[in-house]
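Hello,

Here is the structure I said I would pass on. My notes follow below it.

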Amino acid sequence: MRPVDKKIRKITLCLMLFGLWAFPALSGAQTQMVPVNFSQLAEQAKPGVVNIQTVKTIKGGGRVFRHFFGSPFGNQPGLEDFFSPFEGLPRNRTESSLGSGFIIDKAGYIVTNNHVIKDADQIKVILHNDQEYDAKIIGADPVTDLALIKIDAKELKPLKFGFSKNAQVGSWVVAIGSPFGLEQTVTAGIISAKGRMIGSGPYDDFIQTDASINPGNSGGPLVNMDGEVVGINTAIIKSGQGIGFAIPSDLATSVIDQLKDGKRVSRGWLGVSIQDVSQEMSEYYNLDPNQGVYVAKAYEDHPAYEAGVRQGDVIISVEGVKINSSRDLTMTIANLGVGSKVNIEVVRQGKNKTFTVKLGERPDSIEDSAFGEELDGFDDLGFMFKPLDNDLAEQLGYPPSIKGLVVIQIDPGSQAALSGVIAGDLLVEINHKRIAGISDYTGILRAIKKGQTAHMLFRRGNSQVFVVRFER
């Protein structure tokens with residue numbers, strides 16, 4: 001063999017070994033590569049997907065629609081950054097519109113988005129074989145943008161729900177629907193991320209996918225490689241082409257079950273206003289990083305308050321399940337049944353306590369009082385304070401029983417100006433010591449020596465609490 005041939009063989013062998021190391025799937029590892037095609041999956045799933053046509057008077061979209069354009073219903077204020085193929089059309093008009101949905105059982109129940117059928121005067125469902133049926137609304141949940149409709153038809157081929165919690169980032173999925181009215185369109189991609197929050201409401205928990213989703217796909221299924229529905233396609237972003245969002249099946253099924261039973265969707269309610277625990281608050285309360293959520297307010301006559309939970313507690317677990325964020329607590333409690341008794345573990349003044357709370361039903365809204373400003377003379381940190389009295393508490397929206405000092409003004413060039421504190425905030429503690437008046441404040445601050453840290457606990461309005469750290 002010639003020297004040149006030996007050199008070529010060595011190079012080839014090195015490249016082969018590198019390929020086996022860098023791409024283990026080529027050496028037999030259990031990594032799912034790009035499927036040869038999606039024909040069998042599409043053939044299996046398409047009969048369960050429907051085109052939805054509605055006639056409605058346009059008044060604006062649902063909660064998700066206002067933030068992320070999910071269907072071709074026209075341009076709305078505040079949606080300049082979102083995709084709309086019908087810009088410039090007049091408002092409050094009657095128009096035919098398009099969406100998608102999928103059959104969930106042979107009785108004719110169909111899942112779609114609330115914004116697809118909202119305010120519809122007429123709903124028509126077109127099956128994969130072009131048969132058309134009039135549909136009626138069984139129920140809708142604007143909070144999650146889900147709706148359930150029904151048709152009277154036979155020999156339907158429903159799709160099966162899968163578990164979105166088992167869907168892994170990077171796994172293949174297929175979106176089926178009627179983008180721009182093009183019925184039975186199949187697009188493929190992967191799950192790009194899970195647990196996305198897009199600002200649509202308190203139960204944001206979207207699956208992000210790069211499977212092509214366009215106006216008209218709203219309400220259609222996001223299907224895994226086993227033909228199971230793991231998401232309901234809902235939203236897209238103009239500025240992030242190739243990015244779509246789907247409601248996870250695990251969230252959807254509990255809502256759909258309630259709608260199917262003819263019930264109004266209800267969710268568990270503790271009756272607390274909460275916020276994430278910042279690093280400064282973790283240090284202040286001696287918590288592990290990213291542990292728990294802070295109770296900024298416990299509403300009187302509501303479940304948590306009646307069980308003994310109070311403002312200042314840090315909730316660290318529910319029924320033994322760790323709580324690391326406000327989202328964790330909101331989703332956990334919402335998925336528990338109204339009337340359920342749950343054990344809530346909190347940290348209070350460095351000690352763990354457990355309360356048994358009988359969950360109520362989450363109301364549509366809880367309004368907190370707004371807060372304003374006053375004016376009054378600067379300490380060495382740059383604050384002007386005034387003791388909180390009943391009149392000022394009422395004006396700023398604080399409970400009459402609370403004690404503290406109100407920030408009246410802040411010196412623009414001071415440490416206080418860089419802290420994030422604003423006029424109207426209420427100082428209630430320094431290094432775990434309560435502040436009731438000016439003498440408390442000056443005495444505690446005077447005792448903190450140079451080089452030591454002052455952790456100040458502030459309250460903002462009637463529901464937000466935060467800690468600011470100052471180096472003396």
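Asn-217 is buried, with a relative accessible area of 2% (buried means under 20% relative accessible area, exposed over 50%, partly exposed in between, with a 1.4 Å probe and protein chains only). Asn-217 sits in the loop that runs between strand S11 (206–209) and strand S12 (221–224); helices (H or I, at least four residues) and strands (E, at least two) are DSSP runs, numbered from the N terminus. Beyond residues up to four places away in sequence, Asn-217 touches Ser-100, Ile-176, Gly-177, Ser-178, Pro-179, Ser-212 and Asn-233, where contact means heavy atoms within 4.5 Å.

This is a predicted model, in which local features need pLDDT of at least 70 and side-chain atom pairs count only at pLDDT 80 or more, while totals for chains, interfaces and linings use all residues. Residues are numbered from 1 along each chain as its sequence is written, and side-chain values use heavy atoms, with hydrogens and water left out.

Next, the cores. A nonpolar core is a set of buried Ala, Val, Leu, Ile, Met, Phe, Trp, Tyr and Cys residues joined through side-chain atoms within 4.5 Å. The largest one has 32 residues, and Ile-232 is among those with the most contacts inside it. Helix H5 (249–260) is one of the elements that supply at least two residues of this core; its share, five residues, is the largest. Another core, of 24 residues, lies apart from that one and includes Met-281.

Met-281 belongs to helix H6 (residues 279–284) and counts as buried, at 1% relative accessibility. Tyr-294 is 13 residues from Met-281 in sequence and 8.9 Å from it in space, C-alpha to C-alpha.

Regards
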